[in-house]
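Subject: Structure handover

Hello,

Here is the structure we talked about. Please open it first, then read the notes below.

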Amino acid sequence: FFGIAQAPPAGGPGRQGPPPSPPTAGAHLEIADGSSASYRVTEQFVGINFPNDAIGTSSTVTGSLAIAADGSIAAGSKLTIDLRNLKSDQDQRDGYVRNRVLETGKFPLAQFVPTKITGLPLMIPTQGQTGFELTGNMTIHGVTKEVTFQGIATFGRDSTVAGRAKTTFNFGTFGLAATTLARLLRVDDKIELDIVYRFKQS
């Protein structure tokens, strides 16, 4: 056995991947495939003793988020959701939401222009996880209001940032009419908007 080189043990140094890239100050993040936006509204149907969560999802999310070296949001950052592609488990609900609530024939898109982010480290890492708050101006149904998303971000060695972020608002915030379908007793006056995102650093 003297003078014979020994192979590294399985899972040892010989099998480790490349080290993570060093953190960078600021980042330009482009929305990648696998991102989606969903609404959640609690419904109560006639003759049913328990509430039901109506969830509609659009996988058509585009845009970018640019973070300057000082941690501020750079100009040009914007996320866009195509509301025409919202789909739940009921076609009747989908038609009503598109045509009567959101009026997507007139207002097909929801747009979010971020203005401030907190909780994100100044040096953007390529591993680990952090919570954050992202504040900005949301436009839905032709109405623009400031909202704040609370979320979590996971940083990948492949220069990705993935996670989810949520915010809530009332129907009246954006001038929306609550859903009124047959057999629907009431709808809670709260909409939860949940964005599942995957960004790629460019």
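**Aromatic rings**

Phe132, Tyr197 and Phe199 form a cluster, linked by ring pairs. Please keep in mind that this is a predicted model.

The search of the whole structure turned up four aromatic pairs. One of them joins Phe112 and Phe149. Their ring centres are 5.1 Å apart, the planes stand at 80 degrees, and the pair is edge-to-face. This pair links distant parts of the chain. Phe112 is in strand S7, Phe149 is in strand S10, and 37 residues separate them. Are these two residues buried or exposed? Both Phe112 and Phe149 are buried.

Phe132 and Tyr197 also pair. Their planes are at 65 degrees, and planes over 60 count as edge-to-face, so this pair is edge-to-face. The ring centres lie 6.3 Å apart. Phe132 belongs to strand S9 and Tyr197 to strand S13 (residues 191-201), so the pair ties together parts 65 residues apart in sequence. Phe132 has a relative accessible area of 10%. For Tyr197 the value is 7%. The cut-off for buried is under 20%. Phe132 therefore counts as buried, and Tyr197 is therefore buried too.

**Ser35**

Tyr197 comes up again here, as a contact of Ser35. Ser35 sits in the loop between strand S2 (27-31) and strand S3 (36-45). Why does Ser35 count as buried? Its relative accessibility is 6%, and the cut-off is under 20%.

What does the side chain of Ser35 reach at 2.9 Å? It reaches the backbone nitrogen of Arg198. A polar atom of the Ser35 side chain also lies 3.0 Å from the backbone oxygen of Ala32. Leaving aside residues up to four places away in sequence, Ser35 touches Ser59, Val61, Val196, Tyr197 and Arg198.

Strand S6 covers residues 78-82. Four of its five residues are buried, so S6 is mostly covered. S6 pairs with strand S5 (residues 61-67) through four bridges, and the two run antiparallel. Thr62 stands opposite Thr80 of S6. Four bridges also join S6 to strand S7 (residues 109-118), again antiparallel. Which residue in S7 is the bridge partner of Asp82? It is Leu109.

In a regular strand, side chains alternate between the two faces of the sheet.

Strand S9 (residues 129-140) and strand S10 (residues 143-155) are antiparallel, with 12 bridges between them. Thr139 stands opposite Thr144 in S10. S9 and S10 form a hairpin with two residues between the strands. There, His141 takes a positive phi near 60 degrees.

S10 also runs antiparallel to S11, over six bridges. Ile152 has Arg164 in S11 as its bridge partner. The S10 and S11 hairpin has four residues between its strands. Ser159, in that turn, has a positive phi of about 65 degrees.

**Gly175**

Where is Gly175 found? It is in the loop between strand S11 (160-169) and strand S12 (184-187). Its relative accessible area is 46%, so Gly175 is partly exposed. Gly175 and His141 are 34 residues apart in sequence. In space they are 7.1 Å apart, C-alpha to C-alpha.

Best wishes

Notes: Residues are numbered from 1 along each chain as its sequence is written. This is a predicted model: local features need pLDDT of at least 70, side-chain atom pairs count only at pLDDT 80 or more; totals for chains, interfaces and linings use all residues. Side-chain values use heavy atoms; hydrogens and water are left out. Buried means under 20% relative accessible area, exposed over 50%, partly exposed in between (1.4 Å probe, protein chains only). Two strands pair if DSSP finds at least two bridges between them. A polar contact is a pair of N or O atoms within 3.5 Å; within protein, one must be able to donate a hydrogen and the other to accept it, and residues adjacent in sequence count only if both atoms are side-chain atoms. Contact means heavy atoms within 4.5 Å. Rings of Phe, Tyr and Trp (its six-membered ring) pair if their centres lie within 6.5 Å; planes under 30 degrees apart count as stacked, over 60 as edge-to-face and the rest as tilted.
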